[in-house]
Amino acid sequence: MQNNPHTTLITATAPVANRTHGGRAKCLQRLVRLDLPVPATVALSFEAVKSIAAGHMPDIDAVLGCFESGALLCVRPSSEDPDWGGPGAIMNIGMNDARCEALADTLGKPAAEALYLRFVQAYAVHVARLDPDLFDHVAADSTRGLRQTLRAYEDETEEPFPQDPAAQLAGVLRSMARAWNGTSARLLRMAKGAPGDAGLGLVVQKMIPGFGEEGEYGSGVLQLVNTTTGQPQITGRYLSQSQGRDALGADKAALYLEKDPRGTALEDVAPEAFANLKTHAALMRARLREEMQVEFVIEKGSVHILDGVRVPRAPRAAVTIAVRLAQDGIITPQEAVMRVNPKMLTGLLHRQVDPEAPRDVLGTGIAASPGAASGRIVFTAADAQASAARREPCVLVRRETSPEDIRGMHAAAAVLTERGGITSHAAVIGRGLGLPCIVGASTLRFDTRKGQIVTRSGRVLRTGDVITVDGTSGQVLAGEPAMLEAALDEAFQTLMGWADAERDIGVRANADTPADAQTARNFDAQGIGLCRTEHMFFEPGRLTVMREMIFAETSADRAAVLERLLPMQRDDFTQLFRIMQGQPVCIRLFDPPLHEFLPTTRSGQRELAEALGLPVKDVTLRVEAMGEYNPMLGMRGVRLGITVPEIYEMQARAIFEATIEASREGAPVVPEIMIPLVSAAREVELVKVRIDAVAAAVRGERGRAFDYRLGVMVETPRAALRANEIALSSAFLSFGTNDLTQMTYGLSRDDAGRFMSDYVQQGVYPEDPFHILDVEGVGELLRLGAERGRAARPNITLSMCGEHGGNPESIAFCRDAGFDYVSCSPFRVPVARLAAAQLAIADKI
């Protein structure tokens with residue numbers, strides 16, 4: 001046995017490895033090396049289990065020869081990653097009529113029969129594949145229950161229950177090996193990141209009786225930290241007269257571990273065993289360099305360690321555990337950084353539904369912005385604002401959002417839309433605001449006229465009903481489940497400090513308002529990489545002025561109206577600059593088509609006509625005249641800046657005057673001005689001339705010098721291809737991957753959600769390109785743009801400012817392509833910082 005690498009007794013020197021025998025087998029070997037009281041265990045390798053599934057059994061007698069005669073055995077799975085799961089453990093193998101009778105003398109008849117009954121039922125269900133319902137009406141009395149179960153087994157299989165331990169063990173091994181290769185099991189582990197051909201090992205372990213009549217017998221689990229917070233706390237359960245993980249399912253009979261005023265504890269009934277357990281757990285923590293959950297059995301007061309698994313942990317606990325291990329000198333700060341999945345941080349930055357809370361799921365959609373919030377249903381932005389004024393949390397429900405809904409989104413606790421994808425308007429704004437958001441909720445039917453939502457089961461929810469939007473899972477829940485609050489504690493700050501010391505690419509935030517900028521600052525963003533100025537114009541006092549400008553007939557009239565917007569824009573920018581305290585702020589000039597600012601309903605057009613003193617007919621005709629067949633490819637961005645230059649001139653003046661104002665009180669501000677939707681170098685040249693002229697005028701009027709940088713948002717394929725020409729007039733190129741992906745694919749991000757899941761499932765696209773950067777297609781344009789831009793202007797700054805900027809996969813691409821920084825929504829900044837640090841550390845390993 002010892003010479004067989006595929007079926008080996010676990011000793012300190014046995015050839016056991018995680019990649020060949022799985023994590024459980026390797027962990028047990030480490031426990032053996034620590035001289036912990038681990039029962040005899042045999043490990044079967046991935047190859048051995050694969051052979052068993054194909055019908056080739058190992059030498060079962062040799063396996064049994066590793067254990068004392070008459071020992072009961074347990075078989076457990078051992079996959080390479082514990083998260084990949086595996087078949088459930090089967091205990092008490094070797095139990096038969098004779099063994100039951102013998103154990104009755106030492107354990108007592110009820111305990112012996114209970115063990116036999118448990119094994120027969122497990123064997124019947126998992127090996128003989130009998131229906132579990134067959135045993136629903138088995139008597140609670142162990143003697144009658146065992147007799148009924150054995151009879152039911154014989155009736156169903158037409159053969160008696162196997163009495164030979166070798167035959168029992170062979171059947172269990174074969175069943176577990178084949179279960180691993182089943183379609184459902186394979187799909188389940190692949191969903192958790194396992195390769196389709198991932199191997200399974202098995203461990204066969206001698207069972208220690210947790211039943212007995214003299215002394216303390218029982219089983220339980222113990223860990224040294226709280227699963228939710230990660231703080232030191234002995235937690236777990238112990239159950240006298242039990243085996244396996246019975247204690248976790250026994251609410252009333254189970255004992256506490258430490259002395260507890262609420263009831264009896266293991267420390268009360270077996271103080272020496274409890275002290276030994278704590279010592280063993282602390283040794284495992286120090287030597288295995290991880291917080292471990294210990295599965296144990298107590299036999300006559302003596303402790304036996306059956307298994308050690310990594311403590312399950314919530315995101316907050318994951319951070320705390322990693323930091324405490326590093327602070328205790330068990331791992332390095334770099335290892336601590338590597339141990340936290342960046343995507344887990346979203347669970348710290350937002351409120352979340354308590355994992356223990358019951359969920360009444362109404363429907364599902366795309367999880368577009370993480371976090372969870374509850375509130376009463378409202379169907380309009382105005383109702384959301386009214387609800388906020390009453391201090392009543394609300395959920396804004398829309399078919400899809402538009403810029404006019406910005407005020408309602410600010411007022412709402414969460415947003416739910418029937419349409420849209422991961423980069424739709426609601427998703428992008430939701431992430432920017434840190435607002436829980438679900439889009440593309442196609443399992444629900446929205447009837448905005450009646451003010452109701454109808455589920456697939458016919459359940460109707462109306463205006464005022466309370467629902468919860470779980471933007472982390474994509475579930476819409478009825479009512480108001482218990483929540484876990486956001487937790488940016490000292491451990492989080494420590495971990496992020498270690499991450500910042502390692503990363504080698506900058507991380508900025510997309511921030512449109514002073515509130516966004518403050519959030520970015522709180523999360524230690526290194527500046528603002530994208531400020532979308534159009535959102536500032538949708539506030540009530542500005543929207544009417546903006547509409548008046550649109551109706552102006554001449555350039556002079558437009559300039560006169562915009563003069564009223566100038567102080568408002570100047571105040572916005574001054575606040576941004578002051579909040580960022582000298583860090584770079586990149587302001588994108590006006591981008592959307594003007595018709596987005598005009599009302600589309602008859603009532604809205606009547607209100608506008610009244611405000612402007614115009615006939616309703618004139619307003620309606622103007623709105624219709626400004627409509628476009630494809631507005632996202634129409635009169636927007638730089639095209640608007642060239643044909644209606646007064647807008648960009650006003651914005652430039654507001655930026656420069658705010659620069660002077662903010663620089664009086666702190667570090668000098670060097671604003672970055674970004675031109676959107678460029679496709680030709682001449683567009684940049686025309687805008688640059690006007691911006692430079694405004695800068696010269698402000699310098700002359702104020703008698704103050706200032707610097708600024710002018711650059712381009714690369715959103716069109718042509719801009720990427722002609723980056724060498726565009727770079728000559730640009731200090732930076734910032735790649736806007738939202739629109740660049742749309743234009744490269746010829747695909748609307750707002751409509752993609754309707755069929756994207758089908759495309760991914762059928763292998764048309766490996767992933768949703770609006771969610772995960774398409775490095776082969778869009779990525780090639782980014783590389784070409786970066787290479788050509790740098791060739792023409794070696795010191796040009798390169799960045800990514802689309803929603804992809806916060807994804808670890810995109811950050812890896814940007815580092816490889818030589819980008820200087822990425823920019824993402826404020827609440828994704830910590831995720832990006834941690835991901836960038838992990839990439840830098842991985843390069844050094």
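1. Contact here means heavy atoms within 4.5 Å. With that in hand, let's start at Thr797, which sits in strand E29 (residues 797-800); helices (H or I, at least four residues) and strands (E, at least two) are DSSP runs, numbered from the N terminus. Setting aside neighbours within four places in sequence, Thr797 is in contact with Arg709, Ala731, Phe732, Leu733, Asp820 and Tyr821.

2. A word on the source: this is a predicted model, where local features need pLDDT of at least 70, side-chain atom pairs count only at pLDDT 80 or more, and totals for chains, interfaces and linings use all residues. Residues are numbered from 1 along each chain as its sequence is written, and side-chain values use heavy atoms, with hydrogens and water left out.

3. Is Thr797 buried or exposed? Thr797 counts as buried because its relative accessibility is 16%; buried means under 20% relative accessible area, exposed over 50%, partly exposed in between (1.4 Å probe, protein chains only).

4. Now to helix H3 (residues 46-53), whose buried residues are Phe46, Ala48, Val49, Ile52 and Ala53. Seen down the axis of H3, they fall within an arc of 160° (taken from the directions from the helix axis to the C-beta atoms), so they line one face of the helix. Their cover includes strand E1 (7-9), helix H1 (18-21) and helix H8 (165-180). Just after H3, Gly55 has a positive phi of about 100°.

5. Last, have a look at helix H18 (residues 490-502). Among its buried residues are Phe492, Leu495, Met496 and Glu502. Their cover includes helix H12 (315-327) and helix H33 (829-844).
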